[in-house]
Amino acid sequence: MLAGLGDLGIDGVDHQIEQFGPVGHVVVEPHRTDTELFGDLAYRQSVEALRVGKADRRSGDLRAAQRHRRRPRLGFRPFPHGQRCATVRRIHEIQRTVREVMMRIAIAGGGLGGLTLARILYRHGIDAVVYEREASRSARSQGGSLDLHPESGQRALAEAGLAGRFRSEARPEGEEHRILDPAGRTLVHHRPQPGSFSGRPEIDRSALRDLLLGSLPGGAVAWQHRLVAATPRPGGGFGLTFDGGRSADCDLLIGADGARSVVRSLLTEAGLSYVATLVELSISDADRRHPAVAELVGPGNLWCIGVNQILAAQRLGDGTIRVGISVRAADRDIDTYRSRRALLEMFDGWDPSLTALIEAGDSAPTPRRIEAMPTGTRWAHQPGITLIGDAAHLMPPVGEGANQAMLDAAELAGELAANPADPDSAIRAYEEAMFTRTHPIAEMSARVQAMMLSPTAAEDITRFFTARPPDPAPTK
Ligand SMILES: Cc1cc2nc3c(=O)[nH]c(=O)nc-3n(C[C@H](O)[C@H](O)[C@H](O)COP(=O)(O)OP(=O)(O)OC[C@H]3O[C@@H](n4cnc5c(N)ncnc54)[C@H](O)[C@@H]3O)c2cc1C
């Protein structure tokens, strides 16, 4: 359950740390302001300090201490805003406390929320098992691209120590977006500053998930474990039953199992409402096979707004274009949208350059129901269990869900690491803050979703985007 020191990247220094405990908390260069790898940096600097301590104590030879002090720092840079960092001592305190309270943490669901949570816990020295229903990391295509916001998704990645990796995978130019009317006239055109990461750079879901998976120790994710039931145990914690009959126990269960969460039903009876239908198509190798379509979409997102319907397109990192058609929930039987001909009839009269997005699709259109939980859903705190992400607050997809799921993960991990002796207080603090944070975001998402599929959507959305910064984006 506990991450060993070897796992954290420094082998063979355990007993030194026990021996040189009095080194205490190492404040890591609080005057410097430009880093992102706070945990590793703090950890290695702490270990360096401990080694210096050992050299001093053994030989009294200060030159040995100097030699140790000059050990290369492996290119780590300090953390922004001069924050103090977790130290070796703190990691050990957390590990010891977690061991004492015998806390086995199960995360149901290895989506963006669950993996971010596992990663940040791991950086604090707390192990968790992620139970994921998919058979392997490559079992399913992960869908489109996401824009990560600085205050939520990007913040969580910084706490996961992955901000640098994110920058190398993300596409700032993907932030460019245009809104057109059915005649193909441009209503809004947003161009980000070239190369700037200050806004909301796009990253493919698959790249983001790979980044998180690659940052976890082997065995952190139990693939092919679809949770079917969680039963409270008399002494606390839960017995977990998986599809196929396997079982496990845990002391703390975190439901990160998405829109149709199994864990949610242990905390709230909130149901889902059907808010829209999204029909998806994909155009591979668009620049070569459909250059006009590729040029129309550009490097980011395109939304063509009609009456009660939207035709949208988005470019992925590999040059694929994903097309999404959004319509009101109950307009037609969902199976109608499996027919390309039926879709083209719906967009009869639209400029042919736009309907080319439907014609160019590689395979049959795939419709899906878009659902949401009632805004402001809360639950009474129960010991040993909580929810993050879509399991906690499924909202219409207008650019917030993944960002909030990742921020939930960062905040919950932070509370657990700050208070490992009392996980229930940690969960309570997380839940209160999460309810307060996500309620207005869910309300805004519901309003934007309704506005997008209204008869006056083009005017309303143009006003929305020109009156304030582009926040949030329509369904992709
Ligand atoms: C079309 C569309 C576009 C979107 N665009 C954006 C966007 O641009 N920006 C944004 O921030 N958000 C966006 N969202 C929302 C975003 O996708 C979700 O909010 C986000 O993925 C939630 O993360 P999660 O980890 O809570 O759930 P998920 O990502 O759904 O992950 C849940 C995981 O749990 C697993 N699972 C489910 N049930 C079980 C079970 N019983 N046992 C074990 N494992 C289970 C699943 O296989 C999955 O891996 C969009 C959503 C849609 C539908």
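I count a polar contact as a pair of N or O atoms within 3.5 Å; within protein, one must be able to donate a hydrogen and the other to accept it, and residues adjacent in sequence count only if both atoms are side-chain atoms.

**Ground rules.** This is a predicted model, so I keep to pLDDT of at least 70 for local features and 80 or more for side-chain atom pairs, while totals for chains, interfaces and linings use all residues. Numbering runs from 1 along each chain as its sequence is written, and side-chain values use heavy atoms, with hydrogens and water left out.

I looked at Arg-205 and found a side-chain N or O atom 2.6 Å from a ligand oxygen. At Leu-227, a backbone N or O atom sits 2.8 Å from a ligand nitrogen. Gly-399 has a polar backbone atom 3.4 Å from an oxygen of the ligand. On its own the ligand exposes 1000 Å², and the protein buries 89% of that (Shrake-Rupley areas, 1.4 Å probe).

**Ligand shell.** I get 31 residues around the ligand, with Gly-113, Glu-132, Arg-205, Leu-227 and Asp-390 the closest (near means a heavy atom within 4 Å). α14 gives the largest share of that shell, four residues (helices are DSSP runs of H or I with at least four residues, strands are E runs of at least two, numbered from the N terminus). By class I noted ten nonpolar, ten polar and eleven charged residues (Asp, Glu, Lys and Arg are charged; Ala, Val, Leu, Ile, Met, Phe, Trp, Tyr, Cys and Pro are nonpolar; the others, Gly among them, are polar).

**Cavities.** I found two cavities of 30 Å³ or more (a cavity is a set of points on a 1 Å grid over the protein atoms alone where a 1.4 Å probe fits but cannot get out; lining residues have an atom within 4 Å of a point).

**Loop between β11 and β12.** Ser-261 is in this loop, between β11 (252-255) and β12 (273-283). I put Ser-261 down as buried because its relative accessible area is 9% (buried is under 20%, exposed over 50%, partly exposed in between, with a 1.4 Å probe and protein chains only). Its side chain makes a polar contact of 2.6 Å with that of Asp-257. Leu-272 is in the loop between β11 and β12 too, and at 31% it counts as partly exposed. I also checked Leu-272 against Pro-374: 102 residues apart in sequence, 7.2 Å between C-alpha atoms.

Terms used: On a 1 Å grid over the protein atoms alone, a cavity is a set of points where a 1.4 Å probe fits but cannot get out, and a pocket is an open set with protein on both sides within 12 Å along at least five of seven lines; lining residues have an atom within 4 Å of a point. Grid points are joined across faces, edges and corners, and a volume is the space filled by probe spheres set on the points.
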